[in-house]
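Good morning, colleagues, and thank you for coming.

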Amino acid sequence: MADLLRESRFAPERGTGHAGAVSTLDWSPTTWHDHVAAQQPDWPDEGALDRTLKQIHALPPLVFPGEARDLTAALGEVAQGRAFLLQAGDCAESFDAFSAASVRERLRIILQMAVVLTYSSGLPTVKIGRIAGQFAKPRSSGTEVIDGVELPSFRGPMVNGIGFSAEDRAPDPERLLRAYHQSAATLNLLRSLTKGGFADLAQVHRWTQDFVAESDEGARYEQIANEIDRALQFMKACGVDTQSMPTLHETNFFTSHEALVLGYEEMLTRRDPLSGQWFDSSAHMVWIGERTRQLDGAHMEFFAGIANPIGCKVGPTATPAEVVAICERLNPQRTPGRLTLISRMGAGTVRDALPPLLAAVRDSGHPVVWACDPMHGNTFSAAGGHKTRRLDDILAEIAGFFAAHAETGTFPGGVHVELTSDDVTECLGGSHEIFESGLGDRYETMCDPRLNGRQSLDLAFQVAELLRAQR
Ligand code: PEP
Ligand code: CO
């Protein structure tokens with residue numbers, strides 16, 4: 001594939017100017033082919049893959065450079081301690097469970113959490129979904145064995161099927177096209193929901209799902225919603241024309257995913273005619289996963305050249321020198337908001353592992369956003385075989401993250417969580433406690449266990465308290 005892409009007329013041209021962090025004299029959307037790309041599917045039919053990639057290359061961009069720049073600016077505020085980041089959504093989006101309701105429900109819980117965070121902390125919340133493109137998964141093993149049968153691992157719906165048959169598990173490039181089209185439809189709906197009335201602050205009461213309304217968290221949320229109502233009425237009574245203030249009726253909501261399958265990302269990388277910069281138009285923000293952050297690897301090379309705001313996961317094996325080198329490689333110009341480091345240490349490890357990394361980045365002068373992913377270091381298999389996480393561990397990692405920042409004098413910039421607003425039973429604990437024996441009741445995730453609507457609101461209240469205490 002590499003040769004075909006490089007030589008064909010659809011290989012993007014090189015030229016002068018600036019990409020993301022590097023000069024385009026040295027970088028193009030194809031230069032990642034010169035590096036080892038971890039976690040790529042083993043496509044059985046290269047010809048079919050190339051034909052599909054060509055089709056994707058001819059399709060319109062999904063997001064626009066101006067939007068990505070707005071997100072960099074908003075994250076720049078986070079880097080400087082003036083805003084907080086909430087990045088949340090599915091571990092992997094599903095093709096089968098895709099519907100208007102499923103998009104609306106994920107947006108709804110993120111809006112509710114943002115209201116809680118902003119109302120309690122007084123800081124603006126930058127909202128980014130793991131949505132409209134989160135279709136590929138890295139795996140710890142390339143194959144899975146069940147009853148002596150070995151098949152390729154499930155790598156997310158944009159690569160293969162989750163069913164355990166040779167047919168399901170064969171990587172199929174048609175799935176890349178389907179991921180593109182579902183991303184486009186999702187983005188279209190998100191844009192209309194966030195700009196067309198659903199996200200209106202006058203609607204805060206309507207964002208609560210019935211099963212959440214009955215809970216303690218639901219009651220606490222209702223209190224805030226009532227106070228917001230009163231504040232809006234007060235402004236009106238004082239003669240403020242709230243009707244004509246778009247900031248009260250619309251919201252900015254951005255999309256993100258792990259840019260894992262580099263062929264797909266390359267095809268959606270387009271040059272902005274105004275600035276000459278390259279943008280990966282598949283999402284506003286993309287991140288590098290814990291398994292693909294090798295400094296000399298293909299993902300680093302690709303990310304160094306795109307001008308989007310980008311993230312990089314940082315797990316417990318990362319050394320201070322490595323993390324500073326990641327900052328140098330991905331953000332040599334030291335643009336605030338360009339780079340978000342997403343730590344995912346585990347509740348028992350964060351207090352020891354994180355402070356040296358925070359101190360090293362602080363001393364290097366790199367302006368990063370530090371976000372806490374309290375999910376991926378706290379996953380285990382329950383007795384019944386379900387992959388799960390304890391809400392208590394998740395909250396403990398967030399508390400450890402805040403404590404580590406207090407110790408180094410750095411800003412705990414945000415949280416990165418896997419959730420849904422639905423009444424699923426995938427993570428243990430919560431005020432309406434989910435026990436191991438109940439995990440099977442509504443275990444619906446495609447990949448990792450998500451917080452349900454109640455657990456998510458609970459988390460938002462606890463983060464809001466930590467943030468208020470920190471300020
Ligand atoms: C994820 O975010 O779903 C993920 C796989 O995380 P990590 O790369 O941190 O393991
Ligand atoms: Co996950």
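I begin with Arg-334, which sits in the loop that joins α12 (320–330) to β10 (339–343); helices (H or I, at least four residues) and strands (E, at least two) are DSSP runs, numbered from the N terminus. Before I continue, please note that this is a predicted model, in which local features need pLDDT of at least 70 and side-chain atom pairs count only at pLDDT 80 or more, while totals for chains, interfaces and linings use all residues. Residues are numbered from 1 along each chain as its sequence is written, chains are lettered from A and ligands numbered from 1 in the order in which they are written, and side-chain values use heavy atoms, with hydrogens and water left out.

Arg-334 is not a glycine, yet its phi is positive, at about 55°. Its relative accessibility is 33%, and Arg-334 therefore counts as partly exposed; buried means under 20% relative accessible area, exposed over 50%, and partly exposed in between, with a 1.4 Å probe and protein chains only. As background, most residues other than glycine have a negative phi. Asp-147, also not a glycine, has a positive phi of about 50°. Its loop lies between β3 (143–146) and β4 (149–152), and at 77% relative accessibility Asp-147 counts as exposed.

Let us turn to the ligand. Which residues are around ligand 1? Among them are Cys-91, Arg-130, Pro-138, His-376 and Glu-418, where near means that a residue has a heavy atom within 4 Å. The side chain of Lys-137 has an N or O atom 2.7 Å from an oxygen atom of ligand 1, and for Lys-313 the corresponding distance is 2.8 Å. Arg-344 places a polar side-chain atom 2.7 Å from an oxygen atom of the ligand. Taken alone, ligand 1 exposes 300 Å², of which the protein buries 98%; accessible areas come from the Shrake-Rupley method with a 1.4 Å probe.

Next, His-249. Is this residue buried or exposed? His-249 is buried, with a relative accessible area of 17%, and its place is in helix α9 (residues 246–249). A polar atom of its side chain lies 2.7 Å from the backbone oxygen of Thr-242, and one lies 3.3 Å from the backbone oxygen of Gln-243.

Finally, Arg-220 lies over the face of Phe-461, 4.2 Å from the ring centre; the rule requires CZ of Arg, or NZ of Lys, within 6 Å of the ring centre and within 35 degrees of the ring normal. Thank you.

Methods: A polar contact is a pair of N or O atoms within 3.5 Å; within protein, one must be able to donate a hydrogen and the other to accept it, and residues adjacent in sequence count only if both atoms are side-chain atoms.
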